[in-house]
Amino acid sequence: MEVLYTPHFQREAKRLPKSLRLLIEDRLELFREQPLHPSLKTHKLTGKLHEYWSFSINHRIRVICSFEGKKRAVLHAIGDHSVYDRFL
């Protein structure tokens with residue numbers, strides 16, 4: 001799957017600790033290969049974010065994304081659970 005990154009996502013990812021960025025790279029590779037892999041806990045969001053999906057990097061960090069067809073995903077935001085409130 002092709003994965004695109006918004007400038008907002010890139011800025012947020014750069015602010016995270018370097019040790020966490022290595023884990024993010026591993027999880028993004030898994031997402032590219034199998035976006036619905038059970039360990040990612042990928043799920044559709046509801047409410048104001050009903051057009052988006054989310055998946056987990058670890059127990060604390062989440063990614064907000066959207067799918068454009070079956071072969072492309074756009075990563076919009078990354079952060080702790082408050083990322084849902086900050087995104088809109």
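This is a predicted model: local features need pLDDT of at least 70, side-chain atom pairs count only at pLDDT 80 or more; totals for chains, interfaces and linings use all residues.
Some ground rules. Numbering starts from 1 along each chain as its sequence is written, and side-chain values use heavy atoms, with hydrogens and water left out. Local features need pLDDT of at least 70, side-chain atom pairs count only at pLDDT 80 or more, and totals for chains, interfaces and linings use all residues.

Start with E5, residues 72–79. Strands here are DSSP runs of at least two residues, numbered from the N terminus. Seven of the eight residues in E5 are buried, meaning under 20% relative accessible area with a 1.4 Å probe, protein chains only.

Now the partners. Two strands pair if DSSP finds at least two bridges between them. E1, residues 2–5, pairs with E5 in the parallel sense, over four bridges. There, Leu4 has Val74 as its bridge partner. E4, residues 62–67, runs antiparallel to E5, with six bridges. Val63 stands opposite Ile78. E4 and E5 form a hairpin, with four residues between them. In that turn, Gly69 has a positive phi of about 75 degrees.

Next, Arg62, in E4. What is the nearest side chain of opposite charge to Arg62? Asp80, at 8.5 Å. Lys and Arg count as positive, Asp and Glu as negative; His and the chain ends are not counted. The Arg62 side chain does reach the backbone oxygen of His59, at 3.2 Å. Beyond four places in sequence, Arg62 contacts (heavy atoms within 4.5 Å) include Phe55, Ile78 and Tyr84.

Methods:
Buried means under 20% relative accessible area, exposed over 50%, partly exposed in between (1.4 Å probe, protein chains only). A salt bridge is a side-chain nitrogen of Lys or Arg within 4 Å of a carboxyl oxygen of Asp or Glu. A polar contact is a pair of N or O atoms within 3.5 Å; within protein, one must be able to donate a hydrogen and the other to accept it, and residues adjacent in sequence count only if both atoms are side-chain atoms.
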